[in-house]
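Student: Hi! Could you go through this protein with me, one question at a time?
Tutor: Gladly, let's look at it together.

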Amino acid sequence: MARYLVGRVLWMIAVVFGVSIVVFGIIHLTPGDPAQIMLGPTASMDEVRALRHDLGLDQPVIVQYFRWIGRVAHGDLGDSIVLRRPVLDEVLDRFRNTALLAAAAILVSFTLGTALGMASAVRRGSAIDRGIMLLATWGLSLPSFWFGLMLIILFSVRLGWLPGTGMTSPIGGGGAV
């Protein structure tokens, strides 16, 4: 058992390392210079060069990667270019709403799934059972992004029960907590 767990942990480390390389590579392949974006179009080349040096973007890519992975290992995800705030703060600010949404989705799916499963088991082989099976198969076959859009249209646009763009208003207020 211990050997199995050690093997799984080693595979997990290898996968995380591989994903970090892919993410770092994709970030470096995106067009544009982060220093130029941060300073804006009116910045001089000297200002851009100085910021690139401060950010370590003038170092070789391998050096940049290991500096980045070291900072990530210590919980420093860097600063947002657009918001000029630490990325970790932005993630944590949004975590509460994400956790609330996930908990609500689990509660609804568990309750609905249990009720429909019990109804299907009680009326085994009946039209209700076949209808529930058809509904379950249909639900699993639909692309989740399309189904999500259809639910937004139904509950937000048609019925007006829920907001269509999020939990909070851009000018403040709103939210479940």
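**Helix contacts and loop residues**

Tutor: Let's start where two helices touch: L116, A119 and S120 of helix α5 meet D129, I132 and L135 of helix α6. Keep in mind that this is a predicted model.

Student: How many residues in the contact of α5 with α6 are nonpolar, polar and charged?

Tutor: On the α5 side the contact holds L116, A119 and S120, and on the α6 side D129, I132 and L135. Sorted by class, the contact comes to 4 nonpolar, 1 polar and 1 charged.

Student: At what angle do the axes of α5 and α6 cross?

Tutor: Helix α5 covers residues 87-122 and helix α6 covers residues 127-141. Their crossing is left-handed. The two axes come within 8 Å, and the crossing angle is roughly 145 degrees.

Student: Is the crossing of α1 and α4 left-handed or right-handed?

Tutor: Here you can follow α1 as it passes α4 in the model. The crossing is right-handed.

Student: How many charged residues are there in the contact of α1 with α4?

Tutor: From α1 come F17, S20, I21, V23, F24 and H28, and they meet V61, Q64, Y65, W68 and I69 in α4. By class, 8 of the contact residues are nonpolar and 3 are polar. The number of charged residues is none.

Student: Let's move to single residues. Is S156 buried or exposed?

Tutor: S156 sits in helix α7, residues 144-158. Its relative accessibility is 19%. The cut-off for buried is under 20%, so S156 counts as buried.

Student: Which residue has its backbone oxygen 3.3 Å from a polar side-chain atom of S156?

Tutor: Setting aside residues up to four places away in sequence, S156 touches L151, L162, P163 and G164. The backbone oxygen 3.3 Å from a polar atom of the S156 side chain belongs to L162.

Student: Now the loop between α4 and α5. Is D79 buried or exposed?

Tutor: D79 lies in that loop, between α4 and α5. Its contacts, apart from neighbours within four places in sequence, are R85, P86 and V87. The relative accessible area of D79 is 56%. The cut-off for exposed is over 50%, so D79 is exposed.

Student: How far apart in space are D79 and I62?

Tutor: In sequence, D79 and I62 are 17 residues apart. In space, from C-alpha to C-alpha, the distance is 20 Å.

Student: Is S80 buried or exposed?

Tutor: S80 also lies in the loop between α4 and α5. Beyond its neighbours within four places in sequence, S80 contacts R85 and V87. Its relative accessibility is 17%, so with a cut-off of under 20%, S80 counts as buried.

Student: Which residues does I81 contact, leaving aside its neighbours within four places in sequence?

Tutor: I81 has its place in the loop between α4 and α5, and at 33% relative accessibility it counts as partly exposed. I81 and H53 are 28 residues apart in sequence and 16 Å apart in space, C-alpha to C-alpha. The contacts of I81 are P34, I37 and M38.

Methods:
Residues are numbered from 1 along each chain as its sequence is written. This is a predicted model: local features need pLDDT of at least 70, side-chain atom pairs count only at pLDDT 80 or more; totals for chains, interfaces and linings use all residues. Side-chain values use heavy atoms; hydrogens and water are left out. A crossing is left-handed if the near helix is turned anticlockwise from the far one by less than a right angle, and right-handed if clockwise. Helices (H or I, at least four residues) and strands (E, at least two) are DSSP runs, numbered from the N terminus. Contact means heavy atoms within 4.5 Å. Ala, Val, Leu, Ile, Met, Phe, Trp, Tyr, Cys and Pro count as nonpolar, Asp, Glu, Lys and Arg as charged, and the others, Gly among them, as polar. Axes are lines fitted to C-alpha atoms, for helices over the stretch in contact, and angles run from 0 to 180 degrees between N-to-C directions. Buried means under 20% relative accessible area, exposed over 50%, partly exposed in between (1.4 Å probe, protein chains only). A polar contact is a pair of N or O atoms within 3.5 Å; within protein, one must be able to donate a hydrogen and the other to accept it, and residues adjacent in sequence count only if both atoms are side-chain atoms.
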